[in-house]
Amino acid sequence: MSDDFILDTDDLQRRMDGAMANLKTEFASLRTGRASGSMLEPIMVDAYGSKTPINQVGTVNVPEPRMVTINVWDKGLVGKVEKAIRESGLGINPQLNGTIIMLPIPELNEERRRQLTKVAGQYAEHGRVSIRNIRRDGMDQIKKAKSDGMSEDDQKFWESEVQEMTDKMTKLVDSSLETKQEEIMQV
């Protein structure tokens, strides 16, 4: 049995890539002073008895560089969408115009930029934790195989493979964070 163990590194890599994709989505939600429809992606609206993404209750548009509009399809949900945006922590004050919610994007001041870089840092730390948890899962599989009779050389080989994947993904998280922080601090 000891020679039969092959760690599913593709599964570990796929899960780490998923953690990275999640981090990129969270970064996209941070505003950098320009309007973007993706900044509304993490906001969920309490609609029809469940939490629903904003893009599933209305059409999100960016008609100008500093304006996002949401054309809500169901008039009964306009108030709930507005409330979800106010409570999201984006720092945007929605303006109603019938079923259209307008979100003027104000200029970011220095204090708000610093807050956003801290939030980006928190998102990156969550990404690192996810990657470390995936690493731990891989290491647990290796330990189980070791107790089932895997040789110590094989154990060292697989542990180094998993650690190498983890280091690579952690560096990717760090470089993404650095890029996002520069983007936020850019005036």
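Visitor: Two strands pair if DSSP finds at least two bridges between them. With that settled, which residue stands opposite Thr69?

Guide: In this predicted model, Thr69 faces Met102, a residue of E6.

Visitor: How many bridges join strand E4 to strand E6?

Guide: Five bridges link E4, residues 67-72, with E6, residues 100-104. The two strands run antiparallel.

Visitor: And what is the strand order of the open sheet?

Guide: The order is E3-E4-E6-E5, four strands with antiparallel pairing. Strand E3 (58-64) and strand E5 (95-97) form the edges, each pairing on one side only. From one strand to the next, the twist averages 25°.

Visitor: Which strands does helix H2 lie across?

Guide: Helix H2, residues 78-86, lies across E4, E5 and E6. The helix runs at about 20° to E6.

Visitor: Changing topic: at what angle do the axes of H1 and H3 cross?

Guide: The axes of H1 (residues 9-29) and H3 (residues 110-147) cross at roughly 170° and come within 10 Å. H1 is therefore roughly antiparallel to H3, since angles over 145 degrees count as such.

Visitor: Which residues in H1 meet H3?

Guide: On the H1 side they are Leu12, Arg15, Met16, Ala19, Leu23, Glu26, Phe27 and Ser29. Their counterparts in H3 include Ala120, Tyr123, Ile131, Ile134, Arg135 and Asp137.

Visitor: How does the contact of H1 with H3 divide by class?

Guide: The contact has ten nonpolar residues, three polar and four charged.

Key: Residues numbered from 1 in each chain as written. Predicted model: local features only at pLDDT ≥ 70, side-chain atom pairs only at ≥ 80, totals over all residues. Heavy atoms only, no water. Axes fitted to C-alpha atoms, helices over the stretch in contact; angles between N-to-C directions. Contact = heavy atoms within 4.5 Å. Parallel < 35°, antiparallel > 145°, perpendicular 65-115°, else oblique. Nonpolar A, V, L, I, M, F, W, Y, C, P; charged D, E, K, R; others polar.
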